[in-house]
Amino acid sequence: SNSFCTLLKNKAYPAMSEENKSVELTDGIYTCYSVDQGDRMTLVKVENGEPKFKSVMLSFIHCPKVGRRQPDGTMGEDDPCAYDAMDFVRAKVIGRQVRFVDHFPVEPLKRMSGSMHLSDGTDVAIALLKAGYATIPVRCPPKMDKELHADYLAAQTIAKGNKEGVHAPDAEDRVRLLLPHPPEDHEGFADALHHRSMKVRVDRVASGTGLLLHVANPDDELEFQAIQACLTGAQANTTTDRFGAPDPFGQAAKQHTERLLLHRMVTVRFEGLDGNGNFLVTVTSPNGTFQEELIKRGLARVNHATVDRTDAADALKAAEKQAKVDGKGIWGGKGDDDEGAATAGGSSGVVVVSSGPANPTTAEGVAAQKEQAAKPAVEYKGLAAFEGTVVQIINGDTMVVRNSATKEYTKVSLAGVRANKVSVREGEIRGGQRPPESRVSHEEYTWEAREFLRTTCIGQSVKVRVEYARVMDGDAKEVRAMATVIDMATGVNIGAALLKRGLAKFFLGRNDVSSCADELRQAEESARMEKLCIHNDRAQAPSTKITELNRIGEKQGKHYLAFLQRGMVGKKPPTWTAVVETVMSGSSFRVYVPREHCQFTLKLAGIVTPSNAGDSNDPFADESRDFAVTALQQREVQIMVETVDRAGGFIGYLMHHNKNFACTILGEGLATCSGAERTLFPHELLHAEKTAKEAKKNIWSDAGAVPAMAVKRAAQQAARAVVKQTYVKAENAEWQEVNVTNVEDAATVHVNFVTEEVDAARDAMAPLIEQIGADASVKKHQPKKNEIVVVYFKEDKTWYRGKVVDVYPLDKRADVNFMDFGNTVEASFKEIRQIPDGEDFDALRTTEPLAVPMKLAYVLNRSDTNEFLDDAVAAAWNFIGDVTEVFAARLEYTSDGGSSKYFTIATEPEGQTLQQALLKEGLALVNRNVAPADPKAVTQHLGYQEVARKSHIGMWVHGDFEQDDE
């Protein structure tokens, strides 16, 4: 049919013909999914029905870069012609098939560097060079073929002769101005666009129906207004559910929208604003609307809150009706309000319990049991009955119970009971992650059912009797126990109590059997007769709206901090009643403040608990979290919020039963003090820790250990002093060409000087290294410390010269430093080869390392800012690009009697410097001690640092440093 999807495929994303299907799956043939910079793209290939994505960059050339998104959400300034370069490439490759040949990986950028050709044979790099949107060093980079370098130089010469792109006289003026969302006059801007149709670019896809659009200024081709938009009348699932589990339909909708719209110019009709200030738009074509295409495929449902705002309302409703009939997408195999049990083994999704279901009480039940027994089924392998404690309520009919005997956690749903789960998350999803701020509306008694279970069941001892099981939707294909849950203290059937209050419906599938079916049916009938809650058609169902804060950043965090500290007396914050929604660790929680309908992360001030997150493997980490789960999860507590961290998480105090929980967990030996002296309760915290130490509880026992994070913080505290040195300004130093080959930290890099001597040394060693690497008869070699060897680098499958740093004979591996690049890797003995004896190979042993360590002038790399080390290294590599880029370096000053030298590294002589980039992003500090030697330069660099300090980014996120700290 001439659907919207077909039209777009023919125009911008060619569908595979029968003839080229086999070609599509061969190595090197991809479709360009997105253009991230002029020389950086994301490619996609479909293998076995699944999209496989690949981040790539073009080798050897350098394109001007568009501005990076800053921590406060704003965009940095573009390089001149950066947007033109990206627009040029998008027009050529987006949605088209290309051939990409791998050259070498660029690990810091997580991209593969290589060459890209269009279907007509055009080299994309040469096209960029000819158009003047890329440059190539005059000297041939080390890994580049000389004939190819000559071709690239010829293309660059053409652009220079024609004065195009970055070589044009007005190139410096070709800088895009991108105005952030929302527009300055938000409503006025919306009124001006209302009912207008125009071409806009889709810059980012947040979800299947959430877009970030760039609207061009008709009077200035380089000025754009960014706006957040939602497709009118359509609502796709988010890519993850509220508990962080992947939502396959949300992911499919997002990928479908990205595949057809991302980075393309599309026609949209503006239809006003929604309740959250997002622009409502309809993406149109001569054959219909994109919303209709999504809904028809079952990738979205009708959004009744906005559907009447579009002229296509009838078409959207008809498309949804047809999708339900056809069982497409989200409607596959279920009715309008089915929770989504999946079919397993050809059955209806009901799965036999390993010990057999409970005895049926009706003739229909007996027949259903016989029918089920005759069908293949997935076996539920958990316990058929057990006793435990309710520790978490997932939703209105599902909970987590901790087995009293085994201490294991089991997720169970109430057999024969179905509560509504109508929760709508507003706001876009970025990169598969939840947005920093999102508002969730719980409708149709969804919240009330969950709250009933929370207030009546949390912490209660229960008996669980599994009646049947069900395979749930999702990639994990979870086999969920469907059980009757009895409160041991009162004997009340929890499911029946929920039905009796009208907060759920009685439901048994065709093959479901429940021993309490009659009791459940009578409880529902009682609520129906009294017209309670969901059975009251005349009363309007309540709606509970909650604002969820998730990594909102320090700037926005301070905004909410002021709100949470209203009524603060002296240094003591006000007390809020809250509910601990989730225990993430013994000292970190997601809390919900009912009075303000707000949910956020709270970390306990002054303590550190054991952790298993990341590389940590602290003893008693599980015990610490379990202790907090038992004591706090989904319980009412009192909290005080003292400050906010750089990610926007709040730090403060939590009281349970009028006792500081930090003291409680310290007293159990499941936490240690860290910065307790700066809290409101220093004596109580230190006393609790001392008591646990004396009793040798848990982490203080022989089997325990202080958490790694606490050890790290103590080491940083002890290493705060910075040794002052005497610096001497270098006079008449000249600029030298270098390749940056390794970034050690915020103040140290490794470089290769671009000289004929270095090129000659590299050319002399290359065939010797290749000869050793190619000799398959060489036996495995156990190297010795400080031995010079040839080592295999797995990332680019190439042999290089290296020096052994450490040897681990039992593990048959060694740490090897690549002498000519500066980085150190771990290599197995089979990846290390000995350099043969004899004069022929002396060059490998006697040539000095080509990688020279270079200290950056005017900046400090301090031990107490190591938490920003990875960010600094990543920012440096983003500035550098790759090891083939040629930079200018100049000696600025020396210390230690001339033995320590400090350099400036710039894109070109007197150009932008690496130090400037790091300081502006708050990832380095100015070394004020250099001021006596070079006051002018120090003042200039303090200006760069001031940009980060005022923006509170990087290491300035917590506020200003004292002068003594530097």
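This briefing covers the overall build, the confidence and the aromatic contacts of one protein. The model is predicted. Its protein has 966 residues, and buried residues make up 50% of them. There are 23 helices and 46 strands. The mean pLDDT is 83.

**Overall build**

- The accessible surface of the protein comes to about 45,400 Å². Carbon and sulfur atoms account for 49% of that surface.
- Take the contacts between residues at least 6 apart in sequence: 65% of these join residues at least 24 apart.

**Confidence**

- In the protein, 87% of residues reach a pLDDT of 70 or more.
- Residues 1-26 have a pLDDT below 50. Beyond near neighbours in sequence, this stretch still has 47 contacts in the model.
- Residues 962-966 also stay under 50 in pLDDT. For them the model has 11 contacts beyond four places in sequence.
- Where pLDDT is low, the predicted coordinates should not be read in detail.

**Aromatic pairs**

- The structure holds 22 aromatic pairs.
- One of them joins Y653 and F681, with ring centres 5.1 Å apart. Their planes stand at 85°, so the pair is edge-to-face; the cut-off for that class is over 60 degrees.
- This pair links distant parts of the chain, 28 residues apart. Y653 is in strand β31, residues 650-656. F681 is in the loop between β33 (672-673) and α17 (682-695).
- Y653 and F681 are both buried.
- Y800 and F821 form another edge-to-face pair. The distance is 5.2 Å centre to centre, with 80° between the planes.
- Y800 lies in strand β38 (residues 798-808), and F821 lies in the loop between β39 (813-818) and β40 (824-828), so the pair ties together parts that are 21 residues apart in sequence.
- Y800 has a relative accessible area of 15%. The cut-off for buried is under 20%, so Y800 counts as buried.

**Aromatic cluster**

- Four tyrosines form one aromatic cluster: Y727, Y858, Y893 and Y902.

**Charges over rings**

- The charged end of K143 sits over the ring of F104. The distance to the ring centre is 4.4 Å.
- K693 places its charged end over the ring of W700. Here the distance to the ring centre is 4.9 Å.

Note on methods:
Residues numbered from 1 in each chain as written. Predicted model: local features only at pLDDT ≥ 70, side-chain atom pairs only at ≥ 80, totals over all residues. Heavy atoms only, no water. Phe/Tyr/Trp six-rings, centres within 6.5 Å; stacked < 30°, edge-to-face > 60°. Helix = DSSP H or I, 4+ residues; strand = E, 2+ residues; numbered from the N terminus. Buried < 20%, exposed > 50% of the residue type's maximum accessible area, 1.4 Å probe, protein only. Lys NZ or Arg CZ within 6 Å of the ring centre and 35° of its normal. pLDDT = per-residue confidence, 0-100. Contact = heavy atoms within 4.5 Å. Areas by Shrake-Rupley, 256 points an atom, 1.4 Å probe, with all protein chains shown as cover.
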